[in-house]
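Reader: I have a model open and a few questions about its side chains. Can we go through them one at a time?

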Amino acid sequence: MRLYTRTGDKGKTSLIGGRVDKDHLRVEAYGTLDEVNSFVGQAMTLLNDEKFQDIYAELQKIQHELFDCGGDLAIVNGKIPYKVTADMVTFLETRIDEYVKEAPPLEKFILPGGSKAAAALHVARTVTRRAERCIVSLSKEEPINKIVLQYVNRLSDYFFAVARVINARLGVKDVEYERSAIVFRDKEGKK
């Protein structure tokens, strides 16, 4: 297999159903998800302790799902069935709810960081937010699998929750933003 084809030397790339400029919104959206996937892989290299086997397995599952998201975003004509489903979003929501219970209570914004693995997932979270903005821009111009947008929105929340749990399991305290008001309340509106 050759890694280069020379077909993109003039600034065009192939999608599923056509060719576009390499700076097309679709390419920007799925390319940014590829960045997320790389940061997830980097974070996984820092989770070699047994206490993180569950998170490691989930992150590997998410890496596959990020490829699914990118594939769905690369479909120009919508004739190929999409891979990203509502069940994937539900899985993330379930895991977020569990991780919120495991981490210490949160009232204020926190600074990204703590342990190396948590910091890496905070980077993945922020790049995921950028990917989400790209997908929103794309959705205003062309049809997409709307569930990809839901998945990516939930994924950034998942990374936040997991980063906090990693710090908690390591005994590393999250640092609250010192000028933050109380922004997180329980469902009854209490602090």
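Reader: Is K101 buried or exposed?
Author: This is a predicted model. In it K101 counts as exposed, at 64% relative accessibility.

Reader: What does E98 form with K101?
Author: E98 forms a salt bridge with K101, and the closest N and O atoms are 3.5 Å apart. Both residues lie in helix α3, three residues apart, about one turn of the helix. E98 is partly exposed, with a relative accessible area of 36%.

Reader: Which side chain meets R169 in a salt bridge?
Author: That of E102, at 2.7 Å from N to O. R169 is in helix α5 and E102 is in helix α3, so the pair ties together parts that are 67 residues apart in sequence. E102 counts as partly exposed, at 37% relative accessibility.

Reader: And how many salt bridges does the structure hold?
Author: It holds 12.

Reader: Change of topic. Which residues have the most contacts inside the largest nonpolar core?
Author: L59, Y151, Y158 and F159, in a core of 43 residues. Helix α5 gives the most to this core, with 11 residues.

Reader: What is L59 in contact with, leaving aside its neighbours within four places in sequence?
Author: Its contacts are V40, M44, L47, L121, Y158 and F159.

Reader: Last one, the second largest pocket. How much space lies in it?
Author: About 160 Å³. Helix α1 supplies the largest share of its lining, five residues. By type, the lining residues are four nonpolar, four polar and one charged. Among them are Y30, D34 and F67.

Definitions and conventions:
Residues numbered from 1 in each chain as written. Predicted model: local features only at pLDDT ≥ 70, side-chain atom pairs only at ≥ 80, totals over all residues. Heavy atoms only, no water. 1 Å grid on protein atoms, 1.4 Å probe; cavity = no way out; pocket = protein on both sides within 12 Å on 5 of 7 lines; lining within 4 Å. Points joined across faces, edges and corners; volume = space filled by probe spheres on them. Helix = DSSP H or I, 4+ residues; strand = E, 2+ residues; numbered from the N terminus. Nonpolar A, V, L, I, M, F, W, Y, C, P; charged D, E, K, R; others polar. Core = buried A, V, L, I, M, F, W, Y, C linked by side-chain atoms within 4.5 Å. Buried < 20%, exposed > 50% of the residue type's maximum accessible area, 1.4 Å probe, protein only. Contact = heavy atoms within 4.5 Å. Salt bridge = Lys/Arg side-chain N within 4 Å of Asp/Glu carboxyl O.
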